[in-house]
Amino acid sequence: LSNTVTPDGHQLDTSGAWILNGIVQTKKDESKSNLINTVGTNIVSSYDKKKELKSNITSKKNVEFVDTVKIGSKNWINAIRFTGNNSYIKANSGEYNQLSFEVAVKEVSDEAEYLLTIYVNNQEAEVIDDFSNDAEEITVSIDPNSEIMMVYTCTTDDGKYLSSNQKALYIRNASFNKIK
């Protein structure tokens, strides 16, 4: 989020930094010699550069962009919804060397196997297979100018029907980051 007020009432500037009483809240991180943004008790490292994954998508299949969805006890804003087997997103990383996002399934079924496989330049880089309706933070190191592909599958051994909420996987805060 940037240039807005968060659902919990924090004002953010155009870069997403927390503003309190008109002042951007920063703190010197001596171990890294850069500024970090503080939001309440959480500390979020500032990146040299950051770009939303959505803006670099080159192709997609069975993927929707959702303004707001309730997952667990939290509202997810600007989420990406994968709607079932072999849903995918392809994107170019450009000059960025890290991909980060949060992932969850709205309603997890014990009878299903959920897999999100991340490929970097057609090589399997990460497989996420343990989902809940709590956000899991994922970070993948990549080379600049890589092709990223995120492929989602949801299957049951006996072909049982799953509700659309049980089949869908959501990601949010998906961005390419440039880390020094």
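I count a salt bridge when a side-chain nitrogen of Lys or Arg lies within 4 Å of a carboxyl oxygen of Asp or Glu. The model is predicted, so I kept local features at pLDDT of at least 70 and side-chain atom pairs at pLDDT 80 or more, while totals for chains, interfaces and linings use all residues. Residues are numbered from 1 along each chain as its sequence is written, and side-chain values use heavy atoms, without hydrogens and water.

**Entry 1: salt bridges**

I looked up the salt bridges and found three. Glu 95 and Lys 178 form one of them, at 3.3 Å from N to O. This pair links distant parts of the chain, 83 residues apart. Glu 95 sits in the loop between strand S11 (87-92) and strand S12 (98-105), and Lys 178 in strand S17 (residues 169-178). I take strands as DSSP runs of E, at least two residues, numbered from the N terminus.

Next I checked cover. I call a residue buried under 20% relative accessible area, exposed over 50% and partly exposed in between (1.4 Å probe, protein chains only). Glu 95 is partly exposed at 35%. Lys 178 is also partly exposed, at 27%.

Arg 172 and Glu 102 meet in another salt bridge, 3.2 Å from N to O. Arg 172 is in strand S17 and Glu 102 in strand S12, so the pair ties together parts 70 residues apart in sequence. Both residues are buried.

Arg 81 and Glu 64 pair at 2.9 Å, N to O. Arg 81 belongs to strand S10 (residues 74-82) and Glu 64 to strand S9 (residues 63-71), so this bridge ties together parts 17 residues apart in sequence. Arg 81 is buried, at 14%. Glu 64 is partly exposed, at 37%.

**Entry 2: Val 140**

I then turned to Val 140, in strand S15 (residues 136-141). Val 140 is buried, at 4% relative accessibility. I listed its contacts (heavy atoms within 4.5 Å). Leaving out residues up to four places away in sequence, Val 140 touches Asn 97, Gln 98, Leu 99, Ile 118, Val 120, Ala 125 and Glu 126. Ser 100 is 40 residues from Val 140 in sequence, yet their C-alpha atoms are 6.4 Å apart.

**Entry 3: negative patch**

Last, I looked at surface charge. Glu 113, Asp 129, Asp 130, Glu 136 and Asp 157 gather in a negative patch. For such a patch I join like charges within 9 Å, using residues with over 30% relative accessible area and no salt bridge. Glu 113 lies in strand S13 (residues 113-120). Glu 113 is partly exposed, at 47%.

Technical notes:
Helices (H or I, at least four residues) and strands (E, at least two) are DSSP runs, numbered from the N terminus. Patches are made of residues with over 30% relative accessible area and no salt bridge: like charges are joined within 9 Å, nonpolar side chains (Val, Leu, Ile, Met, Phe, Trp, Tyr) within 5 Å. Accessible areas come from the Shrake-Rupley method with a 1.4 Å probe; for residues, only the protein chains shown count as cover. Lys and Arg count as positive and Asp and Glu as negative; His and the chain ends are not counted. The place of a charge is taken as NZ of Lys, CZ of Arg, CG of Asp or CD of Glu.
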